[in-house]
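This briefing covers one protein structure. Please look it over before reading the notes below.

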Amino acid sequence: MPRISDQLTGCALYIYASMQDARDGANQGASGFLVGVQSQTFPDLSFTYAVTNWHVVRKAKTPVIRMNRRDGGIECFPTTAAEWTQHPDGDDIAAFQINPDVERMRFVSLAARMLLTHELVAHEDIGIGDDVFMIGRFINHEGKERNAPALRFGNIAMMATEKIVTEYGTEQESFLVEVRSLPGYSGSAVFLYSSAPMNDMSRMRAGTPMNTSGPPLSGVALQDAAMKQMSPKGPYLLGIDWCHLNNQIMVRDRDGKELKEGWTVRENTGMAGVIPAWKIQELLCSDELTERRRLGDQQLADAAKRVSLDDSY
C-alpha cells in the first residue's frame, strides 16, 4: 500500500452519547467522518456534513460530535437524533450538516470526487484483493484529551453483490472487507488505496505497453517498466464501516469438552461490512439535503445583496 497522507486522518471524528462522555473521552461510542458538498451558487464554498451510521445515531439518541481544535484542544457539538438525516431507502447511514469554524478547528472534509462510484469500479478494475484502510476510533487507545484516530488495514474480500441481513431483518448492500473491525469503528471511513500490479486489461486502459515482443529488458529499463505497470488506485472512499460478522462458538471446559448448558460466545471473524460510498452520495443528493443546500445558498445570496461597500464614491 502507498504511504498515506497524515492529513487524511483529519476527516475522522468521534461520536459519544453525551456531552460528559465526549469531554471525558469515555471508552465507548463510535466514529464518523466529514464530507464536503460544493455549493451550486458559490463554487468556492461547500457544505460540510458529519457522516456516520444510522444505528449509531439511534442508539446515542443525543449524539455528540467531537473534533480537534488547532490550539490542541477539542470542540464538542451536541445534536439530537431528529437533526440527522437517514438514507431515504433505509440504509444504515446518516448525515448532519455541521459548520465548524475553519479558523479554530483542525479538520479535513472529503471531496465528492473521492467517493467511489460504479463507473470507477469498472474503469479502475477494482475488485477482490485490492488494499483498503479504515480511519476511526481504536477505543483501547483512542486519545482522551484529543482525537487520535487509528488506521486498520486489509483487503476487499467480496464485492457488494450479496447483501447482509441486519439485526432488524433488513438487507444492507455491503462490501466484505478483511480489515479486523472492532466495536468503536462503526461509522468509520474506509478507503481503497491499492498499488497492485496492473493486469492486461488495466494496462490497455492506461496505455501501458506490455512488452510482449522485442528484446528482454534489464537493469534500469526493467525497473522503469515495472514502475509503469504499477497503477495506484485512489485513494477513494470505498464506503462506511457498519458491522463486523461474528461466529457463534461453544464454550468449552479446560479439557475441551462442550459445557452441558450449551453456552456459546460470539467470535469476531475480522470481516467487516462496508456500505458502498455511492450510498453516501445518494444520501447527500437526496431531496431533503439538496433542498436545504438550496435554501442555504439563497440565504448567502440575500446576505451578499445587503452588504454595503465602504467607499465615498
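In this predicted model, Phe133 stands opposite Phe191 in strand β13. Local features need pLDDT of at least 70 and side-chain atom pairs count only at pLDDT 80 or more, while totals for chains, interfaces and linings use all residues. Residues are numbered from 1 along each chain as its sequence is written, and side-chain values use heavy atoms, with hydrogens and water left out.

**Strand β13 and its partner**

- Strands are DSSP runs (E, at least two residues) numbered from the N terminus.
- Strand β8 (residues 131–136) runs antiparallel to β13, and four bridges join them; a pair of strands needs at least two DSSP bridges.
- Six of the six residues of β13 (residues 189–194) are buried, so the strand is largely enclosed by the rest of the structure. Buried means under 20% relative accessible area, exposed over 50%, and partly exposed in between (1.4 Å probe, protein chains only).
- One side of β13 carries Ala189, Phe191 and Tyr193 and the other Val190, Leu192 and Ser194, and both faces are covered.

**Nonpolar cores**

- A nonpolar core is a set of buried Ala, Val, Leu, Ile, Met, Phe, Trp, Tyr and Cys residues joined through side-chain atoms within 4.5 Å.
- The largest core has 51 residues, and Phe33, Leu116, Phe191 and Leu238 have the most contacts inside it.
- Strand β14 (residues 233–250) gives the most to this core, with six residues.
- A second, separate core has 17 residues, including Leu34, Phe77, Trp84 and Phe96.

**Aromatic pairs**

- Rings of Phe, Tyr and Trp (its six-membered ring) pair if their centres lie within 6.5 Å; planes under 30 degrees apart count as stacked, over 60 as edge-to-face and the rest as tilted.
- By this rule there are five aromatic pairs.
- One of them joins Tyr14 and Tyr16 edge-to-face, at 6.5 Å centre to centre with 65° between the planes.
- Tyr14 is buried at 0% relative accessibility, and Tyr16 is buried at 1%.
- Phe133, Phe153 and Phe191 are linked into a cluster by ring pairs.

**Ser39**

- Ser39 sits in the loop between β2 (30–38) and β3 (46–52) and is buried, with a relative accessible area of 4%.
- Beyond four places in sequence, Ser39 touches Leu45, Ser46, Phe47 and Asp297; contact means heavy atoms within 4.5 Å.

**Confidence**

- The protein averages a pLDDT (the predictor's confidence in each residue, from 0 to 100) of 83, and 77% of the residues score at least 70.
- Over residues 198–214, pLDDT stays under 50.
- Where pLDDT is low, the predicted coordinates should not be read in detail.
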